[in-house]
Amino acid sequence: MAAELNQEKSIMGILISYYRKNSGINIDTILHNKDKYFNDYCTNCLKCRDVETICSYKTFKKIESGGVVRNECIYYRLCENLKFNVCFERNVFEKMNHLRNSIVNGLCNYSYSALSSLLSEICNECNHYKNYFYIHDILELYYDIVNFTIYEKTPNAKKIDLYLFLRNKLNDTDNKLLISFLYNLSFYIPELIEYRHELLEECRKYYQDPLFLNVRLIDITSNNTLDAYYQINEIIYHEQHSFTTYQSFLLYDYLALIEMNGDAYERAYVTIQICLEIINNGADFNPATIKKAYRQIGMIAFCLQKYEESIEYFLKAKRFHQLSSLSIQTLLLYKALEITHQEDRLRSLLAESKLYPTENHVEKKINAYYYLKYDQPLNKTQISLLEDYICSEMKPLANRMGKIFKDIFREKLMEFIAITTNYKKLYLFEK
């Protein structure tokens, strides 16, 4: 326990430095300002040579650099001057350790209901220790990790700044949780993109830790498709026995993505069925994870020209989660409805999208194209407007999203050009 307490004191000292500098408090003020703790405990204490000064400059700089001092009074008084309470009670740190272990277990085993319950527990602790130095910061980190895991909610810029500061300063388990969290956040928060490479390098040291499987798989899929395919199959062959149901799901989900990116659609279709079997057997995953799997099977089915099945899974994804955006896959859903001559169903979805507009900018652009196409009977003027829209708005999306999406718009543009003879539009699209 003594070693753990010293570690907590070390982190507290580093945090004191962070909060002091961010609050604009100079060293003289934090060392000489006297508050309630001084009046209650220090006026008659003979432990310190100078009771009106918390400690010497030298001792203070030692604390701020993470050095530990035995006199706990110093931590109480310094934190009080930063307007925080302090707690060194053993049961509090045991509770923190319990929460820490529950988060690690929750991230590896993934139970949506268990993580939701854990989030409520952490929230209650956050409220209870609202003004406690260090404890509240770590509890908020735990809350943000779980909240992001189950709801994809991201912390604000102020917290991100603190979390970046805390990298490699926390205990080993907390640091693992922190760096994997920050790496995953870098795909959601633009300000973290510049840190992604160094965060990935830090994560790579822990690839044999199950906590880092998701980061490891993201890293693998960024490689050459064939290399990624062999690497994931190696993991499945040699390591899968040690993985949880959720981690097996992740493995096959990423493998299906790699196979799809390599145009091995039949193989991807077989692989993604393993993921669907896990879901259908009662997997307690969060809605976003299940929605993502439905989107992926919908896309694979589309590539195999299983259009009815594709529609079924895209609509499952769209209805499954309150955040109903399909983003770029909206195009595949609408195209599949056109191919199967279900234009009335397509119009119904367009009417619904007007009543409940999406926040996703990609889906907004796709919907705008289809509004233009289906709001009124097409004539040459309307078709010319659609050609312009494809070349100006859809082309950048198609170039980013891949061949399958670009082919859809190229094919439609060719149909329009056959009517309007605006051949320069094809040149603009291909340019």
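Modeller: A disulfide is a covalent bond between the sulfur atoms of two cysteines. The rule here is a pair of cysteine sulfur atoms within 2.5 Å. By that rule, this model has 0 disulfides. Take Cys-87: the nearest cysteine sulfur belongs to Cys-79, 12 Å away.

Biologist: What kind of model is this, and how are residues numbered?

Modeller: This is a predicted model, where local features need pLDDT of at least 70, side-chain atom pairs count only at pLDDT 80 or more, and totals for chains, interfaces and linings use all residues. Residues are numbered from 1 along each chain as its sequence is written, and side-chain values use heavy atoms, leaving out hydrogens and water.

Biologist: Is Cys-87 buried or exposed?

Modeller: Buried means under 20% relative accessible area, exposed over 50%, partly exposed in between (1.4 Å probe, protein chains only). Cys-87 has 7%, so Cys-87 is buried. Cys-55, at 9%, counts as buried too.

Biologist: Now a helix. How many residues does H15 have?

Modeller: Helices are DSSP runs (H or I, at least four residues), numbered from the N terminus. H15 spans residues 265-280 and has 16 residues. From first C-alpha to last, H15 reaches 22 Å, close to the 22 Å expected at 1.5 Å a residue. That expected span is 1.5 Å times one less than the number of residues. After H15 comes Gly-282, with a positive phi near 95°.

Biologist: Which residues of H15 are buried, and what covers them?

Modeller: Among the buried ones are Ala-268, Ile-272 and Cys-275. Their cover includes helices H14 (245-261), H16 (287-303) and H17 (307-320).

Note on methods:
Helix = DSSP H or I, 4+ residues; strand = E, 2+ residues; numbered from the N terminus. Contact = heavy atoms within 4.5 Å.
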